[in-house]
Amino acid sequence: MLRILLAALPLVALPLVVQAETPNIQPGLWENQTTMIMEGMGGMPDQTETSTECVTQEDLDRGENIIEAPEGCTLDQMDMTADRMDYTMSCPGPQGGRMQMDGSMRFMGDRTEGEMTSEMDTPMGRMNVRMEMRGQRIGDC
């Protein structure tokens with residue numbers, strides 16, 4: 001689930017070592033839904049994507065290292081406990097400048113939910129994007 005969460009946008013760099021615990025997520029087959037909301041872009045419909053992923057105990061034992069970082073971004077801060085992850089990161093914007101992102105994720109055993117907000121400067125002005133993420137364990141792998 002965490003890989004899906006952070007792969008939803010071209011995001012993070014190498015994880016920082018903070019206080020990592022094993023996330024409160026049950027291993028198994030997960031269905032993940034991500035909805036991207038473009039705020040202030042009048043008339044642009046929300047975009048929802050659904051995917052499935054097999055999460056193993058080995059994945060969970062890696063703690064914060066479960067985050068796979070796309071190139072070019074920086075994970076500025078991350079705090080992860082068994083029940084929650086909070087993070088901030090920055091990436092190069094699509095036309096120069098930087099994109100700043102803040103996110104949080106709650107781990108509830110057989111489900112997860114979270115939100116990430118990002119701000120970036122574009123030739124049309126500042127753009128805000130909000131992503132809502134939900135995951136549900138649907139069975140064994």
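Tutor: Start with arginine 106: its relative accessible area is 36%. Keep in mind that this is a predicted model.

Student: Why is arginine 106 called partly exposed?

Tutor: Set the value against the cut-offs. Buried needs under 20%, and exposed needs over 50%. Arginine 106 has 36%, so it counts as partly exposed.

Student: What makes arginine 106 and glutamate 113 a salt bridge?

Tutor: The closest N and O atoms of arginine 106 and glutamate 113 are 3.3 Å apart. The limit is 4 Å, from a side-chain nitrogen of Lys or Arg to a carboxyl oxygen of Asp or Glu. The pair is within it, so the name applies. Side chains of opposite charge can pair when their charged atoms come close.

Student: How do you know whether glutamate 113 is buried or partly exposed?

Tutor: Its relative accessible area is 22%. Buried means under 20%, so glutamate 113 is partly exposed.

Student: Which salt bridge do glutamate 113 and arginine 111 form, by distance from N to O?

Tutor: Glutamate 113 and arginine 111 meet at 3.4 Å. That is within 4 Å, so this contact is a salt bridge too. Arginine 111, at 35%, is partly exposed.

Student: What makes arginine 130 and glutamate 115 a salt bridge?

Tutor: Their closest N and O atoms are 3.7 Å apart. The cut-off is 4 Å, so the pair qualifies. It links distant parts of the chain: arginine 130 sits in strand S7 and glutamate 115 in strand S6, 15 residues apart.

Student: Why is arginine 130 not called buried?

Tutor: Arginine 130 has 21% relative accessibility. Buried needs under 20%, so arginine 130 counts as partly exposed. Glutamate 115, at 34%, is partly exposed as well.

Student: Which residues do salt bridges with shared partners join into one network?

Tutor: Arg106, Arg111, Glu113 and Arg134. The structure holds seven salt bridges.

Student: What makes a residue a member of the largest nonpolar core?

Tutor: A member must be a buried residue of a listed nonpolar type, joined to others through side-chain atoms within 4.5 Å. This core has 23 residues. Met85, Tyr87, Met101, Phe107 and Met116 touch the most other members. Among the elements giving two or more residues are strand S1 (28-39) and strand S7 (125-139).

Student: How many helices and strands does the chain have?

Tutor: Two helices and seven strands. Along the sequence the pattern is α-β-β-α-β-β-β-β-β. Of its 141 residues, 39% count as buried.

Technical notes:
Residues are numbered from 1 along each chain as its sequence is written. This is a predicted model: local features need pLDDT of at least 70, side-chain atom pairs count only at pLDDT 80 or more; totals for chains, interfaces and linings use all residues. Side-chain values use heavy atoms; hydrogens and water are left out. Helices (H or I, at least four residues) and strands (E, at least two) are DSSP runs, numbered from the N terminus. Buried means under 20% relative accessible area, exposed over 50%, partly exposed in between (1.4 Å probe, protein chains only).
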